[in-house]
Amino acid sequence: GNNGVTNVNTDQMKSIANWLKLDGDITDSSDKGNDGAFNNEVVIDNCDALTGWSGDYNSLNTTTFAEGTGAINLWSTDEDWVVLDKTISTLDLENKSINLYVYFKDQATINKLGTTHIEFNLGTDSSNRYKYYKDIVDLEVGWNTFNCDTQNPGDTIGSPDITDVTWMRFAYFLNTSESTLEGDIIIDEIS
């Protein structure tokens with residue numbers, strides 16, 4: 001199913017960019033302000049440590065990860081709504097495209113999701129945030145890239161300012177009476 005496309009990680013893309021002599025002069029035709037992204041990527045969080053993250057059930061995974069040296073497991077044994085929050089240094093994300101990696105162990109895990117989407121939020125807190133969605137029908141077993149066009153959120157709560165982002169959240173909802181185990185759902189590098 002990948003039509004001959006091979007997964008390429010960030011380090012490999014930077015190597016390709018250097019080989020092609022892309023020195024930050026490239027232009028992103030998507031108008032998302034990512035010109036020169038190969039050499040100017042901003043990593044919001046590499047998810048190699050739990051420092052600053054808060055959530056009921058999370059742990060560091062140093063076995064299954066997409067980038068760096070680790071990733072973050074998210075699971076639930078007794079809650080329908082699973083969230084992982086972090087306060088970050090102020091970022092201006094106007095006209096940007098943010099990506100994060102999300103891993104699903106198997107189709108049974110994806111089938112436990114209780115809404116039509118998973119979500120990533122950016123803002124100042126849970127009362128002032130932009131919500132970005134990835135539809136469940138677009139999820140695959142293994143690593144998925146969740147892309148968020150900061151100018152086109154799925155919903156807006158309160159009065160967030162995309163030029164003054166200090167908080168982020170990854171969240172999913174489970175069907176009633178379902179649970180996920182450590183390692184079933186993992187997030188990695190947010191950039």
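Modeller: Happy to! A residue is called buried when its relative accessible area is under 20%, exposed when over 50%, and partly exposed in between (1.4 Å probe, protein chains only). This is a predicted model, in which local features need pLDDT of at least 70 and side-chain atom pairs count only at pLDDT 80 or more, while totals for chains, interfaces and linings use all residues. Residues are numbered from 1 along each chain as its sequence is written, and side-chain values use heavy atoms, with hydrogens and water left out.

Taking a salt bridge as a side-chain nitrogen of Lys or Arg within 4 Å of a carboxyl oxygen of Asp or Glu, the count is 4. One of them joins Lys-86 to Asp-45, with 2.3 Å between the closest N and O atoms. Lys-86 belongs to strand β4 (residues 81-91) and Asp-45 to the loop between α2 (37-40) and β1 (53-54), so this pair ties together parts 41 residues apart in sequence. Here helices (H or I, at least four residues) and strands (E, at least two) are DSSP runs, numbered from the N terminus. Lys-86 and Asp-45 are both buried.

Strand β4 also holds Asp-85, whose partner Arg-169 lies 84 residues away in strand β10 (residues 165-173).

Next, Glu-119 meets Lys-131 at 3.8 Å, N to O. This pair links strand β6 (residues 117-125) with strand β7 (residues 128-135), and both of its residues are buried. Glu-119 and Lys-131 also belong to a salt-bridge network that includes Arg-129.
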